[in-house]
Amino acid sequence: MAVDRDRVQRLTRELLEAIGEDPERPGLKQTPARMADLYAEFFSGVGEDAAAPLARTISVARGPAPETLPSGAVLLRDIRFRSVCEHHLLPFAGRAHIAYLPGEQVVGLGALVRVVEILAARPQVQERLGEQIADTIAEHLDTRGVLVILDATHGCVTMRGGRQPEASTLTIAARGEYTEPVARQELITLIGASVGSGIGGAQ
């Protein structure tokens, strides 16, 4: 569902008036149009199918070594993402780390990035975003386990309220074999000590 740019512009003008500003003054005259462009970008994932990028898979066995099957995890680290917290409509941004234990089929790594991008481009909370990424991969790939770790800073923490500019939030979502902390410990170590120190024993 495309963002209604005209409506966003009208509502932005109303918002500027509601805070006592003049939307016609030079510095604000183009702000409604800019907000329409911003919202169209930030919320482009609303209504988009996050599983679509996973539709094209790659057979491991049907290649130059047909007897080969994956035995270990596929780990994609440091996927940059940004989203908007649905509580205050302030941004949060950070890195996503995704691992899965594939069966006979794997997926292009760019597809995992697109899953993150689509699900992040909606009003979100970090806890739900990680769970949605894990569910999408677990349900639409041939996988024995999925692990999703998000590490992000939130505007609602860094810029308002307690104003903690160094605070970041770690969340973990696990499916299949990775619901066991022992099974995911190696991956957490590979992702990095800063992440591992915070969630090594998370349930």
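Tutor: A crossing is called right-handed if the near helix is turned clockwise from the far one by less than a right angle, and left-handed if it is turned anticlockwise. The model is predicted, so local features need pLDDT of at least 70 and side-chain atom pairs count only at pLDDT 80 or more, while totals for chains, interfaces and linings use all residues. Residues are numbered from 1 along each chain as its sequence is written, and side-chain values use heavy atoms, with hydrogens and water left out.

Let us begin with α3 and α4. Helix α3 covers residues 109–120 and helix α4 covers residues 126–140; helices are DSSP runs (H or I, at least four residues), numbered from the N terminus. Their axes lie 10 Å apart, and the packing angle is about 135°. Axes are lines fitted to C-alpha atoms over the stretch in contact, with angles from 0 to 180 degrees between N-to-C directions. α3 and α4 are therefore oblique to each other, a class left after roughly parallel (under 35 degrees), roughly antiparallel (over 145) and roughly perpendicular (65 to 115). The crossing of α3 past α4 is right-handed.

On the α3 side, Leu112, Val115, Val116, Leu119 and Ala120 take part, meeting Leu129, Gln132, Ile133, Thr136 and Ile137 of α4 (contact means heavy atoms within 4.5 Å). Eight of these residues are nonpolar, two are polar and none is charged. Ala, Val, Leu, Ile, Met, Phe, Trp, Tyr, Cys and Pro count as nonpolar, Asp, Glu, Lys and Arg as charged, and the others, Gly among them, as polar.

We now turn to α1 and α2. The axes of α1 and α2 come within 8 Å and cross at roughly 130°. α1 and α2 are therefore oblique to each other, and α1 passes α2 in a right-handed crossing. From α1, the contact draws on Arg5, Val8, Gln9, Thr12, Arg13 and Leu16; from α2, on Thr31, Pro32, Ala33, Met35, Ala36, Asp37, Tyr39 and Ala40. The α1–α2 contact has eight nonpolar, three polar and three charged residues.

Terms used:
Helices (H or I, at least four residues) and strands (E, at least two) are DSSP runs, numbered from the N terminus.
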